[in-house]
Amino acid sequence: MSADILIIGGGPAALTAALYSLRGGCSVKFLEKEAIGGQIADSPRVENYPTISEISGLELSNQMFEQVTSLGADFDMDDAQSIEKTPQGFLVHGTYGDYEGRAVILATGVKHRHLGIPGEDKFLGHGVSYCAVCDGSFYAGKDVVVIGDANSALQYALFLSKTCHHVSLITLFDCFFADAPLVKALGDCPNISVTHCLSAQSFNGGSNLESITFQNTNTKELVTVPCAGAFVAIGQIPDNDRFGNLVDLDRGYIVTDEDMATRTPGLFAAGDCRKKKWRQVITACGDGATASLSAQHYLSVISSK
Ligand SMILES: Cc1cc2nc3c(=O)[nH]c(=O)nc-3n(C[C@H](O)[C@H](O)[C@H](O)COP(=O)(O)OP(=O)(O)OC[C@H]3O[C@@H](n4cnc5c(N)ncnc54)[C@H](O)[C@@H]3O)c2cc1C
């Protein structure tokens, strides 16, 4: 059966799009390939969602999920592999089946690139983070390390320097791949130190992170840097090439207008998967709401023809 609005993803953007669509009287189906909640389900503490002073990411996701399923959202665990335009709307091919929607919202998010070294998974939420805006306040007054050499790493370091005691910015190569004003701002900041040519080897500690071991890429010497927190900023990975037949992509991110419309009428995108500057839960939710309202408007226009 065709849903009025078929949503790809089960994170905050998708669940908000589902909420608005259901409240707008549309039938909704959403597909999630891994776990409901998306990235935020990995966060032990969220303190920047309005009206909730502190909540675990899992609990926040669960509440969003319960809200939409209690309103009648239908969902399947499946990985959307491709999408095609049909006379009736869209046909999404999943690993386990095909799904029809009169309009579709892509809310596929991103994955933060991981280093893939020992201790990284163990200390996630206990010292290792991929988001300074999200988790920086947990390390106020403490020493932290930022790993990365491009704009986001420098932005993380500058952001953290406002509240942390000391920030060590550590890069793999002997230079930055960042904008000049950011590099200058870094040099003007007294509690940030920079060390180049170190390759991260392991995160170490007991129940919480205590240090990181690096190898000097020139001398091969091992260096251990004590720290309470480590912020890994080595890039994010969108996964939207499979939808490239119907949407424009910019470095893998879906290009939309401010109404979340893609270049294909009836196909919208919301949240971290689209080309935009700020990737947070609240911005994903805002996108999801906008995408749903735009999809509802699209359906009302084509129904009246
Ligand atoms: C550790 C961590 C902590 C964070 N802390 C905070 C915080 O405190 N505050 C804050 O505002 N933000 C935080 N963020 C950022 C926030 O989680 C993201 O901005 C937000 O989750 C984006 O929502 P989204 O729905 O756009 O995408 P995602 O949350 O990435 O959700 C996308 C979902 O789509 C699914 N999916 C992808 N492709 C397919 C497909 N082909 N078929 C089916 N399903 C698919 C994925 O499995 C995923 O579940 C944090 C991020 C991380 C990683």
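This is a predicted model: local features need pLDDT of at least 70, side-chain atom pairs count only at pLDDT 80 or more; totals for chains, interfaces and linings use all residues.
Helices (H or I, at least four residues) and strands (E, at least two) are taken here as DSSP runs, numbered from the N terminus. Helix 1 (12-23), strand 2 (28-32) and helix 6 (281-303) each give at least two residues to the shell around the ligand. In total, 33 residues surround the ligand, and the closest are Glu-32, Gln-39, Cys-134, Asp-272 and Val-281. Sorted by class, that shell holds 13 nonpolar, twelve polar and eight charged residues.

A polar backbone atom of Ala-13 sits 2.9 Å from an oxygen atom of the ligand. For Arg-279, the distance from a polar backbone atom to a ligand oxygen is 3.5 Å, and for Asp-272 it is 2.8 Å. As for cover, the ligand taken alone exposes 1,000 Å², and the protein buries 97% of that.

Next come the cysteines. The count of disulfides comes to one, and Cys-131 and Cys-134 form it, with their sulfur atoms 2.0 Å apart. The link between Cys-131 and Cys-134 is right-handed, with 65 degrees about the S-S bond. The two partners can also be described by their accessibility. Cys-131 has a relative accessible area of 14%, so it is buried; Cys-134, at 25%, is partly exposed. Cys-134 also turns up among the residues closest to the ligand.

Cys-273 and Cys-285 tell another story. The cysteine sulfur closest to that of Cys-273 belongs to Cys-285, and because the two are 13 Å apart, they are too far from each other for a bond. Cys-273 is buried, with a relative accessible area of 0%. Cys-285 is in no disulfide either, and the nearest cysteine sulfur to its own, that of Cys-134, is 13 Å away. With a relative accessibility of 7%, Cys-285 counts as buried.

Strand 4 (residues 80-86) and strand 5 run antiparallel and are joined by six bridges. Between strand 4 and strand 5 lie two residues, and the pair forms a hairpin. Strand 5 also pairs with strand 6 (residues 98-106), again in the antiparallel sense, this time over four bridges. Here the hairpin that joins strand 5 to strand 6 runs through three residues. His-93 in strand 5 has a place in both pairings: Ser-82 stands opposite His-93, and Asp-98 is the bridge partner of His-93 in strand 6. Strand 5 (residues 89-94) is largely enclosed by the rest of the structure, because five of its six residues are buried.

Along the chain, Thr-256 and Gly-101 are 155 residues apart, while their C-alpha atoms are separated by 19 Å.

Methods: Residues are numbered from 1 along each chain as its sequence is written. Side-chain values use heavy atoms; hydrogens and water are left out. A residue is near a molecule or strand if one of its heavy atoms lies within 4 Å of it. A polar contact is a pair of N or O atoms within 3.5 Å; within protein, one must be able to donate a hydrogen and the other to accept it, and residues adjacent in sequence count only if both atoms are side-chain atoms. Accessible areas come from the Shrake-Rupley method with a 1.4 Å probe; for residues, only the protein chains shown count as cover. Ala, Val, Leu, Ile, Met, Phe, Trp, Tyr, Cys and Pro count as nonpolar, Asp, Glu, Lys and Arg as charged, and the others, Gly among them, as polar. Buried means under 20% relative accessible area, exposed over 50%, partly exposed in between (1.4 Å probe, protein chains only). Two strands pair if DSSP finds at least two bridges between them. A disulfide is a pair of cysteine sulfur atoms within 2.5 Å.
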